[in-house]
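The sequence and the structure are shown first.

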Amino acid sequence: MIGPLWTKQKSVVVGLMSGTSLDGIDAAIVSIEGSGLAAKAELLHYSSVPYDDGLRERLKELCTIEHSSVDLVCGMNVYLAERFAEAAIEAVRSVGMELDEIDLISSHGQTVWHIPEAATDDPLLVRSTLQLGDLSVLAKRTGRVVVGDFRPGDMAVGGQGAPLAPYGDLILFRHPEKGRLLQNIGGIGNCTALPAAAGPEDVFAFDTGPGNMVIDQTVYLLSGGQMSYDDGGSWAAQGTPDEMLVDQMMEHPYFALKPPKSTGREVFGKAYAEQFVTLARTRGLNDADIVATATAFTARTIAEGYLRYVFPVCQIDEVIVSGGGAHNAALLAMLQQLLTEQAVITSSVLGFSDDAKEAIIFALLGNDFMHGVANNLPSATGASRPTVMGKLAFP
């Protein structure tokens, strides 16, 4: 499909990931042998470049109708591409490699808006998604071939463009005897159900709802901007969740939707968190109780998603958590209390970095694009058929 470069069966790919948590840019240098579901991936190096507070707040503005603007979208598309390029170059140099040893860069980009279902009141608001971080800029700055902007390809064949991680989860974590649930807790939480000995048609997945998004914004508000997340869940551990308030939050219509489904910052972002904090204060909760309640809400969204949509159709033995939420001990403890029949572990227990997993998966998606291999899972996204997702930029 692409040319003789990709007749070779082993490549070194830099996977770049920036999630809805707006933490920063993850870069994974991955050696990949083969392609498709038979591919073998080895992590050579992982690094993360955090967004500074100013950039993070501008991105939050960009993800709201009230504060976004076309000039900011236009400028940020190139600005972020420059930052992605710097992250890739630094990752390569820090491990003692040269850029000409890299065969491909594969970038998820930064999601700023996602419309999984068309609006009923405006014919122009069709199913669509927007990821920033211009691929041409990234290719020119690094001098490497770049693949990215994967989600629109799935949406073009009827899918929701999310979640995309299940394809990589199937490659990395399928087990011949154990049923596994892969739960990523980034800004948004998403899960992948892998029945024992799963094939592509057996996998199903969906966004469980907010992951760290509401917790992080709550901590930011309560700390007066001094903290951007609850380190290790220590603040939540000092409080007591208001379960009645959690019950009320669980009435949000998203949780009653059946999979496939996806969501993002446009639903559970800054405005939602501000409303939550205001409501919590009217109920007389102290700051620690508010953070504990936000954390309990995330745990409940995950567990109830399983109880409604996974456990009735699939035997699950292990829940494997990755992403920033894997470092939140309070959140993991709450999740284990709700899931008494399953072992809740992190991906690091199985030898996969909790933080690098999604960047590794996007390296796999880019590698399959270059081989012309369909890299979506219709059973997860609702697409009408398998398709090759991604766009190509040359240096």
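## Nonpolar cores

Tyr306 touches Leu181, Gln183, Cys191, Phe311, Pro312, Val319 and Leu339, leaving out residues up to four places away in sequence, where contact means heavy atoms within 4.5 Å. The model is a predicted one, in which local features need pLDDT of at least 70 and side-chain atom pairs count only at pLDDT 80 or more, while totals for chains, interfaces and linings use all residues. Residues are numbered from 1 along each chain as its sequence is written, and side-chain values use heavy atoms, with hydrogens and water left out.

Tyr306 is also among the residues with the most contacts inside the largest nonpolar core, which has 51 residues; Leu181, Phe276, Val310, Val319 and Val321 are the others named. A nonpolar core is a set of buried Ala, Val, Leu, Ile, Met, Phe, Trp, Tyr and Cys residues joined through side-chain atoms within 4.5 Å; buried means under 20% relative accessible area, exposed over 50%, and partly exposed in between, with a 1.4 Å probe and protein chains only. Helix 11 (residues 287-309) gives the largest share of this core, 12 residues, helices being DSSP runs of H or I of at least four residues and strands runs of E of at least two, numbered from the N terminus. A second, separate core of 37 residues includes Leu170, Ile360, Phe362 and Ala380.

The side chain of Asp169 meets that of Lys357 in a salt bridge (2.9 Å, N to O), a term for a side-chain nitrogen of Lys or Arg within 4 Å of a carboxyl oxygen of Asp or Glu. This pair links distant parts of the chain, with Lys357 in helix 13 and Asp169 in helix 5, 188 residues apart, and both residues are buried.

## Other charged pairs

The whole structure holds 13 salt bridges. Glu57 and Lys60 form one of them, with their closest N and O atoms 3.1 Å apart; both lie in helix 1, 3 residues apart, about one turn of the helix, and both are buried.

Asp247 and Arg300 also meet in a salt bridge (2.9 Å, N to O), which links helix 8 (residues 243-249) to helix 11 across 53 residues. Asp247 is partly exposed, with a relative accessible area of 38%, whereas Arg300 is buried at 13%. Glu243, Asp247, Arg300 and Glu304 are linked in a network of salt bridges.

Asp354 lies in the loop between strand 11 (343-346) and helix 13 (357-371). Asp354 is buried yet has no salt bridge, and the nearest side chain of opposite charge, Lys357, is 9.0 Å away; Lys and Arg count as positive and Asp and Glu as negative, with His and the chain ends not counted. The side chain of Asp354 does make a polar contact with that of Ser347 (2.9 Å), meaning a pair of N or O atoms within 3.5 Å, where within protein one must be able to donate a hydrogen and the other to accept it, and residues adjacent in sequence count only if both atoms are side-chain atoms.

Asp26, in strand 2 (residues 24-33), is likewise buried and has no salt bridge, with Arg56 as the nearest side chain of opposite charge at 11 Å. A polar contact joins the side chains of Asp26 and Tyr46 (2.8 Å).
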